[in-house]
Amino acid sequence: MGGGYDVMMLVLVATIGNTLGAITTWFLGLCAAKKFPVENLLPKNKQRAIDWMRSWGKWSLLFSWLPVVGDGFCFASGWLKYPLITFVLFVTVGKLSRYAIIAWLLVEG
């Protein structure tokens with residue numbers, strides 16, 4: 001595998017591109033939050049789940065690379081107004097890990 005390509009560069013470019021796409025989805029969630037604030041959508045007694053997501057939900061961003069649900073994690077993070085820096089850090093670690101494992105499996109396999 002490799003075929004004359006720098007595998008590390010391929011992993012880096014894939015990670016950056018995929019993370020930029022996730023940031024776009026985060027911004028879409030942030031825009032949705034302006035029109036549909038989460039606080040106005042749920043009664044007070046049901047907002048404990050939102051509070052829990054704000055506390056623990058960032059860990060789910062390590063799985064933002066998963067098909068279907070990954071984009072949902074990114075959108076929800078914007079909607080819940082997660083800090084962009086935290087979002088980028090967790091998403092980048094998750095996506096980098098994915099591509100590094102795939103590259104390792106292909107090179108070693």
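A residue is termed buried under 20% relative accessible area, exposed over 50% and partly exposed in between (1.4 Å probe, protein chains only). The model is predicted, and local features need pLDDT of at least 70, side-chain atom pairs count only at pLDDT 80 or more, and totals for chains, interfaces and linings use all residues. Residues are numbered from 1 along each chain as its sequence is written, and side-chain values use heavy atoms, with hydrogens and water left out.

At 34% relative accessibility, F75 therefore counts as partly exposed. F75 lies in helix 4, helices being DSSP runs (H or I, at least four residues) numbered from the N terminus. Contact means heavy atoms within 4.5 Å; leaving aside residues up to four places away in sequence, F75 touches T25, L28, G29 and A32. The C-alpha atoms of F75 and A33 are separated by 9.9 Å, although the two residues are 42 apart along the chain.

Helix 1 and helix 4 (residues 69-79) pack at an angle of about 45°, with axes 6 Å apart. Axes are lines fitted to C-alpha atoms, for helices over the stretch in contact, and angles run from 0 to 180 degrees between N-to-C directions. The two helices are therefore oblique to each other, a class left over once angles under 35 degrees (roughly parallel), over 145 (roughly antiparallel) and 65 to 115 (roughly perpendicular) are set aside. Residues of helix 1 in the contact include A22, T25 and W26, and those of helix 4 include D71, C74 and F75.
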